[in-house]
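Please keep the sequence and the model side by side while reading.

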Amino acid sequence: MEDTAPDLQFEFSPFMFGQQELFIGGTHFNCVPTLLRPHSKGSVTLRSKNPMDLAIVRTNYMQFDIDMETLMKGIELSREIMSTPPFEKMGIKELSPGSQVKTKQQLRESIRQLCRTEWHPSCTCKMGRDAMAVVDPQLRVYGIEGLRVADASIMPAVVSGNTNAACLMIGEKAADMISQGSDSRLQRFSNELSPSSLPLGLHSQLEKESRVIALADKV
């Protein structure tokens, strides 16, 4: 089946971001084509055995030509949008990459110079059951007891859009799984330890933890 997922997203904003020299004052806005389904993949690896050493992050932008072609198409579509009558009435002038950038080679060079991250890193701690998976479907890290990961890194592939809503859903699901597991542990402890056999302080602490878990289950 043909992949019909969107591969571009256009962001409109009333401020400039990117290269400092584009802050020229006056009224301006962005129409930014964003690559949603990059084929290029980066990596995050350990620098050493020392946990205080910074990880090695390689972005590998534009590793595949299809990513470049998609962004070039995005610039073309942005220019078409900006040339419609409503925008023409506003006296739109292209600042970046600039109307002088026309040929494919010029566009390629401009994209390589100007493209920036969207700060939506993901997929570095994949969920699954294959050899590349780091966490299982319950978000538990393979080989390490008592550790889960619940953020964008567990996505097997990046979503077609901003990652915030997806991360909220991952967190909600993780909270459900953790609270359900906590309930079962509390029940086991309650069965093993009767209130009459506990010191007063420990009995109060157990009651307090019971209330916390009950509240967490209702959130």
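## Terms and basis

Contact is used here for heavy atoms within 4.5 Å. The model is a predicted one, in which local features need pLDDT of at least 70 and side-chain atom pairs count only at pLDDT 80 or more, while totals for chains, interfaces and linings use all residues. Residues are numbered from 1 along each chain as its sequence is written, and side-chain values use heavy atoms, with hydrogens and water left out.

## Overall layout

The chain has 5 helices and 4 strands, where helices (H or I, at least four residues) and strands (E, at least two) are DSSP runs numbered from the N terminus. Along the sequence they follow the pattern β-β-β-β-α-α-α-α-α. Of the contacts with a separation of 6 or more, 51% are between residues 24 or more positions apart.

Of the 219 residues, 26% count as buried, a term that means under 20% relative accessible area, with exposed meaning over 50% and partly exposed in between (1.4 Å probe, protein chains only). The chain exposes about 15,700 Å², of which carbon and sulfur atoms supply 58%; such areas come from the Shrake-Rupley method with a 1.4 Å probe, and for residues only the protein chains shown count as cover.

## A buried threonine in a strand

T34 belongs to strand β2, which covers residues 30-35, and T34 counts as buried because its relative accessibility is 7%. Leaving aside neighbours within four places in sequence, T34 is in contact with D7, L8, Q9, E11 and E118.

## Nonpolar cores

In soluble globular proteins, nonpolar side chains tend to be buried together. A nonpolar core is a set of buried Ala, Val, Leu, Ile, Met, Phe, Trp, Tyr and Cys residues joined through side-chain atoms within 4.5 Å. The largest such core here has 12 residues, including C125, V135, L139, I154, M155, I170 and M177. Apart from that core lies another, of 9 residues, among them L71, M72, V101 and I111.

Beyond its neighbours within four places in sequence, I170 is in contact with L139, A150, D151, I154 and M155. I178 is found in helix α4, residues 164-192, and counts as partly exposed because its relative accessibility is 40%. I178 and Q138 are 40 residues apart in sequence, yet their C-alpha atoms are 9.1 Å apart in space.

## The second largest pocket

The second largest pocket holds about 170 Å³ of space, and its lining consists of R140, I144, E145, G146, L147 and R148. By class, this lining has 2 nonpolar, 1 polar and 3 charged residues.

A pocket, on a 1 Å grid over the protein atoms alone, is an open set of points where a 1.4 Å probe fits, with protein on both sides within 12 Å along at least five of seven lines, and lining residues have an atom within 4 Å of a point.

## Backbone features in loops

The peptide bond from S96 to P97 is cis, with omega near 5°, and P97 is found in the loop between α2 (85-88) and α3 (104-114).

M62 has a positive phi of about 60° although it is not a glycine, and M62 sits in the loop between β4 (56-58) and α1 (65-82). M62 counts as buried because its relative accessibility is 12%. C123, also not a glycine, has a positive phi of about 70° and lies in the loop between α3 and α4; C123 counts as partly exposed because its relative accessibility is 28%.

Conventions
Points joined across faces, edges and corners; volume = space filled by probe spheres on them. Nonpolar A, V, L, I, M, F, W, Y, C, P; charged D, E, K, R; others polar.
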